[in-house]
Amino acid sequence: MADESGVLDGYNEENTEAGIYVLRLFITGASPNSIRAVENIKSICEEYLPGNYDLQIIDIHQQPQLAHGEDVIAVPLMIKLAPYPKRRMIGDMSDTKRVLKGLGLSTNS
Amino acid sequence: MSKSQKNKEPVQYGTLPKALTGITGLDEITGGGLPYGRPSLICGEAGSGKTLMSIEFIVRGAVQYNEPGVFVAFEEKSDELAINVASLGFDLKKLQAENKLKIDHVHIDRSEIEETGEYDLEGLFIRLGYAIDSIGAKRVVLDTLENLFSGLNNQAVLRAELRRLFTWLKEKGVTAIITGERGEGALTRQGLEEYVSDCVILLDNRVVNQITTRRLRVIKYRGTVHGTNEYPFLIDEDGISVLPVTSLKMANTVSTERISTGVKALDDMLGGRGLYRGGSVLVSGTAGTGKTSLAASFANETCNRKEKCIYFAMEESPNQIIRNIRSIGIDLQKHVDSGLLIFNASRPNLHGLEMHLVAMHKCIKKYRPSVVIIDPITNFINIGSVSEVKNMLVRMIDFLQEEQISVMFTALSLNTIVNEQTDEGVSSLVDAWILVRDIEFNGERNRGLYVMKSRGMKHSNQVREFIITGNGLQLVDVYLGPDGILTGSAREQQMLLEQTGEAIRNSAVTRKDREIIRKRKVLEAKIASLHTEFESVEEELNKVYLEEELKKEILRKNREEVIKIRRGETEENVQTSKTSRKK
C-alpha cells in the first residue's frame, strides 16, 4: 500500500539511531485495562522487537500534567515516538495485528 | 402566564442553588442562573452561539463571581479561541495568567489513532480533574463532546464513559456546561446528553423572511420553574444578551411631570404644558407631513433641557437627519457633540423584530435617556406581521414606562385611507396621538395637525395648520371661511382680503369722523355767533334798561329839585310824587 511504503520510507530516513523503538505507555493505576495493556505490550515487544525497544510506562494518576502534555484522552494509550512517524495506539493492546500495524511492523504478518 | 413567572423569586424554598451566568437576561429566564454544581447542556446548530455562550459563562464567572473556570476545547485551539472572543472584550490570556481560567485543548485525530482493544476515557477525567484542582475551578465547559465520537470508534464505551463523566462532574461539584450539536430529530447527535443534564438550553438561529433571529429556549431545568418561551438573543461586542419578554404586570409608576414637545403651540394644545414624562406619543401622518421634524424638535427640546435623548433612525442616516433638520433652524449637531443626543441608525430589515427590541433595550440601558424617539415604526411591518409588530411595541412601551422614559414614535399612514387607526395598530397603546395630515385644497397641499387623543389632560380639539419654517415649527389657526377650512395661500388670501376690507372700513370711518368734526366746528361757530348775538341783544336790552333807570333817576332828582325849589308844597303832592316814582 502507498501508505505503508510512505511510512516505511519515513522510517528509513529517520532511523539513523540504530532504529530503536521509543514507546510511551500511559496507564491509569491498576485498572484491568492498564494491567492487560502492560502485559500485552511487553510480550509483543519481546516477540517482535527483542532488545530494540525503549518502553516507558507512565501512570497518569501520578503525573497528571503529562496527560495534558501528551493529549491523553483514552487510556491505555501508547505513543510510538520513534521511529517516525509518531503513532498513537489506544486500548489494552489485545489486538496484536493492530498493534503491529501501529508499530509499522505489519509487513511481517 | 409563564411570562410573569420568571420575575418571581424561585429560590423561596432554597431548594436549588444556582450559579449566575452573568449573561444579560439569561439569569432572569432561568431564575438565577444554571444549576450550581450540576451539568447543563447547551445545544444548537452550527453557528448558533454555543461556544460563545459557554465561554461567556466561564469568563463572567471568573471576572464577576470569582469562580475560576476550565474550558476544555475539542474544536478550537487555545490561541484561536482567544482571538475569536477577543472581539467581545474577553482577554483569555490575561485570565489564564491570573489562574482564573484554564483552557485545555483536546486534540483527537482519528488517522493518528489505532484502537487495539478495550479502553476508557480515564485520561480525560484525569486531565479535567487536574485542571480543576490546579486553579480551584468552580465552572467547567466541555465544547463539544461530539468530537470524541468522531475521533473514536467504540460507541458503547463512549456512551458509558459520557454517563460516567456527568456523574463525575456532579461529584466534583462543578457547574458544568456541555455543548452539543443538534442532531436529527433529537437535541443532540447522540441523544444522550440531554437526558443526563440537569438543564438543557436550546439555541436556535432561524431565518424568517430572509431575516435571521437567534433564539434561546430553556427546554428543561430540573427542580425549578423557568421561562419556557423562546427568547431572542443578541451577540454583539458586549457578548450575549437575552431579552426576556418584559413583564406585563402593568404596575408601573407614573409621573405627573410634564415635558415640552419643543413646539410651543403644540404644548398649548396639550393642555398648555406638553406631554407627561414617561408617556408615549405617536405622531402619524402621510408622507412629507413633517413627522421627522416634529420628532427632531422634540429631541432638540429634550437636549436643551440637558437631558439625554436617543434617536432610533430607521430610515435616514444620522447625518442626513442633522442636515435636513438644520434647514428648519434646529441644530442637532451640537447636541450630538455634547453627547446628549445619541443616534442609533439601523435599517429595519437589518435583523428581526426581536433583535431590534434587544438592540434598543441594550442601547437604552446603556445610555439611560429620558426621551426615546423611534422614527419611523412603519417599516417594521416589512419584517413582521401586524400582530408581531404590535407585540414588540407593547413590550417596548412597557419597558420604557417602567424606566420612566418618554417615547415618541412616528408612523407613516397611507394616503388612501383616512386613518382612524395606524398600520401598526399601536394607536390604542400610546398615551397621546398626534395626527399630521395633508389638506389638499385650492391646488396646493398644506399640513394640518390635530391631537387625536391625549390621555389624562385637557387637549385642544382644533385642527391647526402646521407650518415648517426656517425658524422651526409653528402652528397657525386654520381659517374657517364660508367655504370651509382654508389653509396655506388660500388662508393668506382670505386674511389679505380681510385686511383690505378692514382698511376700507377704516378709511370710511375716518371720513365720517372728519365730517362729524367739521359739523361740530360749524355748529360751534354757529353757537359762537348766536352767543355774540345774544350778548349784543342783552347789551342792547341792558342799555335800554340802564337808560330808563338813568332817566328815572334824573327825573326823580329833577322832581326833588323842583320840590326843593317850590318849598311850600302840600303833603299830598309829596305823596303823589312818591307813588309816581314807584311806577
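Helices (H or I, at least four residues) and strands (E, at least two) are DSSP runs, numbered from the N terminus. The legends below describe a predicted model, in which local features need pLDDT of at least 70 and side-chain atom pairs count only at pLDDT 80 or more, while totals for chains, interfaces and linings use all residues. Residues are numbered from 1 along each chain as its sequence is written, chains are lettered from A and ligands numbered from 1 in the order in which they are written, and side-chain values use heavy atoms, with hydrogens and water left out.

View 1. Gln404(B) sits in the loop between α15 and β19 (406-412) of chain B, and its phi is positive, about 60°, although the residue is not a glycine. Arg368(B), which is likewise not a glycine, has a positive phi of about 50° and is placed in the loop between α14 (353-367) and β18 of chain B. Most residues other than glycine have a negative phi, and most peptide bonds are trans. With a relative accessible area of 23%, Gln404(B) is partly exposed, where buried means under 20% relative accessible area, exposed over 50%, and partly exposed in between (1.4 Å probe, protein chains only). Arg368(B) also falls in the partly exposed class, at a relative accessible area of 49%.

**View 2. Cis peptide bonds in chain A and chain B.** In chain B, the peptide bond that joins Asp375(B) and Pro376(B) is cis, with omega about -15°, and Pro376(B) lies in the loop between β18 (371-375) and α15 (386-402). In chain A, the bond from Val75(A) to Pro76(A) is cis, with omega near -5°, and Pro76(A) belongs to the loop between α3 (64-69) and β3 (77-82).

**View 3. The surroundings of Thr224(B).** Thr224(B) is found in the loop between β10 (211-221) and β11 (230-236) of chain B, and it counts as buried because its relative accessible area is 17%. The side chains of Thr224(B) and Lys18(B) are joined by a polar contact of 2.8 Å, the term standing for a pair of N or O atoms within 3.5 Å, of which, within protein, one must be able to donate a hydrogen and the other to accept it, with residues adjacent in sequence counting only if both atoms are side-chain atoms. Although 193 residues separate Thr224(B) from Gly31(B) in sequence, their C-alpha atoms are 8.2 Å apart in space.

**View 4. Nonpolar cores in chain B.** A nonpolar core is a set of buried Ala, Val, Leu, Ile, Met, Phe, Trp, Tyr and Cys residues joined through side-chain atoms within 4.5 Å. The largest such core has 50 residues, of which Leu128(B), Leu142(B) and Leu169(B) touch the most other members. Apart from this core lies another, of 39 residues, including Ile259(B), Ala265(B), Val281(B) and Leu332(B). When residues up to four places away in sequence are not counted, Leu169(B) touches Gly37(B), Leu128(B), Val140(B), Leu142(B), Val174(B), Ala176(B) and Ile178(B), where a contact means heavy atoms within 4.5 Å.

View 5. Cys45(A) is buried, its relative accessible area being 0%, and Cys363(B) counts as buried at 7% relative accessibility. Over all chains the count of disulfides comes to zero, a disulfide being a pair of cysteine sulfur atoms within 2.5 Å.

**View 6. The contact between chain A and chain B.** This contact takes 28 residues from chain A and 24 residues from chain B. The two chains bury about 2200 Å² between them, 54% of it on carbon and sulfur atoms; buried area is the accessible area (1.4 Å probe) that two parts lose on being put together, summed over both. Ile73(A), Arg88(A) and Ile90(A) supply 30% of the area that chain A buries against chain B, more than any other three residues.

View 7. Chain A has four helices and four strands, which follow the pattern α-β-α-β-α-β-β-α along the sequence, and 48% of its 109 residues count as buried. Chain B contains 17 helices and 25 strands, and buried residues make up 50% of its 583 residues. Among contacts in chain B with a separation of 6 or more, 69% are between residues 24 or more positions apart.
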